[in-house]
Amino acid sequence: MDDGALEGMDEIVAEFLVESEENLDELDQQLVALESDPTSRPLLAAVFRTIHTIKGTSGFLAFSDLERLAHVGETLLARLRDGRAVATPQTVTVLLHMVDAVRGLLGRIEQTGSDAGADLTGVLAEITAELEEGGAPATGGAAEGQAPAAAAPAAEPAPAPAAEPAAGTDEVSPPPAAQAPEPAAADVAAVPAPVEAAAPAPAAQPSGSSPVPKPAPAPAPAAPVAPAAEAAAPAAPTGGEEPVAQRRSGEASVRVDVELLEQLMSMVGELVLTRNQVLERAAAGGDAEMVRAAHRLDLVAGELQQGVMQTRMQPIDHVWSKLPRVVRDLGSQLGRQVRLVMEGADTELDRTLLEAVKDPLTHLVRNAVDHGLEPPEDRRAAGKDPVGLVTLRARHEGGQVLVEVSDDGRGMDPRVIGARALERGIVDEAALRKMSTTEVLGLVFTPGFSTAAAVTSVSGRGVGMDVVRTNIERIGGSIELESVVGRGSTTRLRVPLTLAIIPALVVSCGGQRFAIPQNGLRELVGLDRERSGGATERVGDAEVHRLRGHLLPLVRLHEALALGEPEPGESSVVAVLETAGRRFGLVVDAVLATQEIVVKPLGGLLADLPHYSGATILGDGGLALILDVQALSRSAREQERADEHAGENEVATHDSTQLLLVRVGARRMAIPLDIVTRLEDVPRDRLERIGRRWAVQHRGEVMPVLDLAEHLGELTSGEESVPLVVHAVGGRSVALAVDEILDVAPAATARVSHLGDPGLSGSAVVDEHIVEMLDVRQAVLAADATFYDEADGHGRAGSYVPPRPRSPHDAHQDVRA
Amino acid sequence: MSAGRGTGRGSGSGQKHSSSAGGVGGTSARRPGGESDMTVSYVTFHLGDGLYGIEVLRVQEVLTEQRLTRVPLAPPEVAGLVNLRGQVVTAVDLRRRLGLPPREEGEKSTDLVVRVGDEVVALLVDGIGDVVEVAEGDLEPPPDTLSGPMADLITGACQLPDRLLMPLDVARAVAIPQAA
C-alpha cells in the first residue's frame, strides 16, 4: 500500500517535471515577447498562470524552495499583470533568471528527488529588489508607454464600471499617474484602481466630450462608458482567444510515450515487409481473390505507415521556441538590438531530426547575431535600421525540410574569406583562383576556419561551422551559404523529413548488397574494365578517375571493406559521392536499384565499425548494410594524404604501362605516367623567370619549371592557368608546363617508333592518333641540369624513362607487346 | 513437473516447453532433497562435444538456421546479421567466440536468440537441448582445465546424470574484446 502510494507520488512528480519543463520553454518565449509588448495582457496572464501552476504543484508536492521562488516570482508577475508596474527589460531579465532558477530546481528534483540545497539567495534578492523599485517604471510607463497601450490591460476592467457605476466612487478620485509610484506598498485590492480609471480616459476621448485633463469624472456617467466598452470589445477577443485555443488542443491530444511510437514504427516496418512478401506470393499464385486481398493489404499498410510516421512529426517550433531567449541574451550581452522573426514555425519534421538540428540551428542563430549583425552605431552609419533582423524560415520543399537562418548584417566578403583560407593553409592560391563565390563562401565550413577577428565568449572559437556541417550531413542533410556584402547572409539547411526511411542506391560488390544514401550521391559513371586502363589512372599511388577534366579520387569498395579481389574482366561502376565538400568516387561492381529503405540500427557489437551507418531489409527479406559515406570519404582522404607523402619522395615504383596525354601548342605529346608524381594547375603569373629558366614557388620551395612549348619550339596557347606535370625524385621536383592535360591512355595500344627528333624519344599511336613521346630525361635536365646528379648517382643518358629499376629497352618491349 | 517449472519462471516460448517436456526427468531428481531453495533454469545447447547452458530468462526464442548477411571488417566472432522478423540482429558464432574449431562445411546451426540489456543477439550453436533446472547449490566452479576464452565465459559446472553442463555468461559472451 505504502509502495503504491509512493509510486503514485513518483508518477505525479515525473508528470510535474515534464509539464513544467514544457511550460518553462514557453515561458522563455513569452517573456522575451513581453519585452517588446510589455503591457500585453494575454502574455502576462499566460506567464502568470504558468508560474502559478508551478507554485501550486510544488506546494502540494512539498518542494518548499521551489514554492518560495515561484511565489516571489508570482508576486512580481501579479504586479505586472495588474498593471501596477510595467515590465522593463530589467524586469524581464530578472524574470528570465527566475525561470532559469526554477529550471535548475526542477533538474535537481529530477536527479535527487528533492529541491533542497540550491542557493537561491541571488535570484530571490534580484526579484525582491525589482519588487521594491517596481513602482518606478510605472511612472514613466504610465506617462507615455501605458497610455497608448492601455486598451489591452483595460479590456477586462473596463466593463466593470459600466456594470457598477456606483462603485466608481472609489475609483474616481485618484489621478492614475500620480498614484502609481507607490503601489509597492499598496494592497492588492486597491491597486487595480488606477488602471481601471485610466482605461475610460482614452476611451472617452473618441466621444469628443472631454479632453485629457478631465479623465476622473469620466467613468461616472453612463454615456462615456459605453464607448469604452465598445473600444474594449475588439481587444477582448484577441486577449481571450489564445488560452482558449490552447485548452482546446490540449483536450484533443494525448500524451504518448515516445518509446511506444518507436515500437509502432518498427512494427509497421515489419508489416510493410510482410506485405511485400504477400504481394509477391499473391502475384505468383494467380488467385484473383488473394490478389485483391493483397492489394488491399498493400493500401492499408501504406496508409498505416504514413500515419505512424505522422505521429512522430513535430513542428520545428519545438526547437525554435528556445531561440528568442538565446537571441535576447546574446543581443544584450553584445550590445546589439535584434529582432527575431520566425516564419513557418509549424513546419513539421521527425522528432529525431528535430533533436539533431537543434544544436546546429542554435549555433547558426548565435553566429548571425554575433558575427552577422553589426553594432547599432555601425548600422546607423550604414543607413540601416539600428535594430538588426534575424529571420528564421522553414518550409517543406521537395520531400525535404528547408530551414533558413538569415540576417541583415554586414555579410561575408569572399575576399576576406579567401585570404583567411590562404592564411590558414586551407587552400592554395591556384585552387582559390578557380573557385566560384559560392565555393569560396563554402570554405567557412572547413575545419579550422573561423572568421571572427577576435575570439568571443559567444561564438567563434574556430570550431563552429565545420561541426554544423558535419552534424547536418550526418542526418542526410546539406548546408549552403549565401551572402551579399553589406546586405547580410543566409544559411540554408536542407534536412530529410524523416531519418527512418531514406532514399538509397542499392549496389552490389563482392557478391553482397550495400545501400548508399542518396543525399550524397552526385552521379554514376560506368567503368569499362576492358579499357579500365583508360578510365582510371594512378597519380602517385592514388587511383583516380578523370571525370570531365577533374581528377576524382577513387575508393574501391572491394578494398575498403576487404571483400577480396574483384572478378577479373568484370565491369564496374563509380558512384560519385560528395560529403563535407569533397568529391570522391566509390567503385562498386554493379548498381541494382534505387529504393526507399528503412534504416535499422546495428547492434552494439558492430557499433565500432565506422563504415556502416545501419542496415536495412530489402524486398526479398535479405539484408543490406548501409554505407557511411562520410567514413568512406575519410578513408579516401587518408589514402590521398599517404600517397601525397609517398609521391613526393619517390617515383611510384609500380609498373605502369600508361601514358599521360598532353597538348603542347598544337602537338599531342605522351608522357609515361609513372614519372608523374602529381598534376597541378598554377596561374600563369605565378611562373617567374630566373635567368633563362622558369620557376614556381611551391610550398615554400622554388621548383624549376620547363615550358615544354618553349622546349619543343612550339607556341603556347597562353591560357591563364597553366597545368604542370610534376616529377619528383628524392625530395627534388621539377615541373613540366603544358597547355592542356588531355587523357590517360593505356600503353598497350601505343606503338613506339624512333624518330630522332630533338626532345622526343619516339612516337606512338594512341586511339588512332599519333602522339609524340616526350624524352622526359632530356626535358627534366633542361629544367634542372643537376636534377639527376643528386636524385640518383648513376645518370643514364638517352633514356626517356627516368631512373627506375629496369632498362629502357624493357620498357620498349613492354609497350610493343 | 514441467508445469511447475513453467510457473516458477514465467517466461519462454512454446518451443522451449516442448523441448523440455522431452526427457528432463533427471534434472529435478538431481536436486538434493532438502535444499531446493533457489533453482535456475537453463536452456542447454551443444557445441561440438560440450553441453552449455544459458539462463532461460535470457532466451527469447530458438530458430532454425537463418540466412546470414556477412559484415565485412567485423570481428571474426560476428557471423553476420540476421533478419528477425524485421529486426536486424547481430549473430555471434559461439564456436569462434569460445575458441572451438569451426563448424564443418554444410553443417547446420541453430540460432539461439538472447536478450542482453536492450539488445537482442543471435547465438549460433550446433543444436538445442533440454531446459534443465539446477539448484544453486549444485553449481560447482568451472573446471580448471578450461583455457582461452572459455575460462572467461563459463561461469560454473553442473554434473547432470549423463554429462557435464557448463553455464555461459551471456553478457560477456556477446561483448567482444576490441582487440579481436
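A nonpolar core is a set of buried Ala, Val, Leu, Ile, Met, Phe, Trp, Tyr and Cys residues joined through C-beta atoms within 7 Å. The views below show a predicted model.

**View 1. The largest nonpolar core holds residues of chains A and B.** This core has 86 residues. The members that touch the most others are Ala515(A), Ile516(A), Leu586(A), Leu627(A), Val92(B), Leu112(B) and Leu123(B). Strand 8 of chain A (residues 501–509) gives the most to this core, 6 residues. Domain 3 (258–311) and domain 5 (510–647) of chain A each contribute at least three residues to this core. Another core, of 44 residues, lies apart from it; Ala670(A), Val725(A), Val726(A) and Ala779(A) are among its members.

**View 2. Contacts of Leu123(B).** With neighbours within four places in sequence left aside, Leu123(B) is in contact with Val92(B), Leu94(B), Leu112(B) and Val114(B). Of the residues shown here, Leu123(B), Val92(B) and Leu112(B) are among the members of the largest nonpolar core that touch the most other members.

**View 3. The side of chain B that touches chain A.** Contacts link 19 residues of chain B with 22 residues of chain A. On the chain B side, at least two residues come from each of strand 4 (78–84), strand 5 (87–93) and strand 7 (119–125). By class, the chain B residues of this side comprise 11 nonpolar, 4 polar and 4 charged.

**View 4. Strand 18 of chain A with strand 9 and strand 17 of chain A.** Strand 9 (residues 512–517) runs parallel to strand 18 and is joined to it by 2 bridges. Ala515(A) has Ile626(A) as its bridge partner. Strand 17 (residues 612–617) runs antiparallel to strand 18, with 5 bridges joining the two. Here Thr616(A) stands opposite Ala624(A). Strands 17 and 18 of chain A form a hairpin with 5 residues between them, and Gly621(A) in the turn has a positive phi of about 90°.

**View 5. Arg103(A) in helix 4 of chain A.** Helix 4 covers residues 89–112. Arg103(A) is partly exposed because 16 other C-beta atoms lie within 10 Å. Leu66(A) is 37 residues from Arg103(A) in sequence, and their C-alpha atoms are 9.7 Å apart.

Key: Residues numbered from 1 in each chain as written. Chains lettered and ligands numbered in written order. Predicted model: local features only at pLDDT ≥ 70, side-chain atom pairs only at ≥ 80, totals over all residues. Buried ≥ 20, exposed ≤ 12 C-beta atoms within 10 Å, placed from the backbone. Helix = DSSP H or I, 4+ residues; strand = E, 2+ residues; numbered from the N terminus. Domains from an automatic or database assignment. Contact = placed C-beta atoms within 7 Å. Nonpolar A, V, L, I, M, F, W, Y, C, P; charged D, E, K, R; others polar. Pairing = 2+ DSSP bridges.
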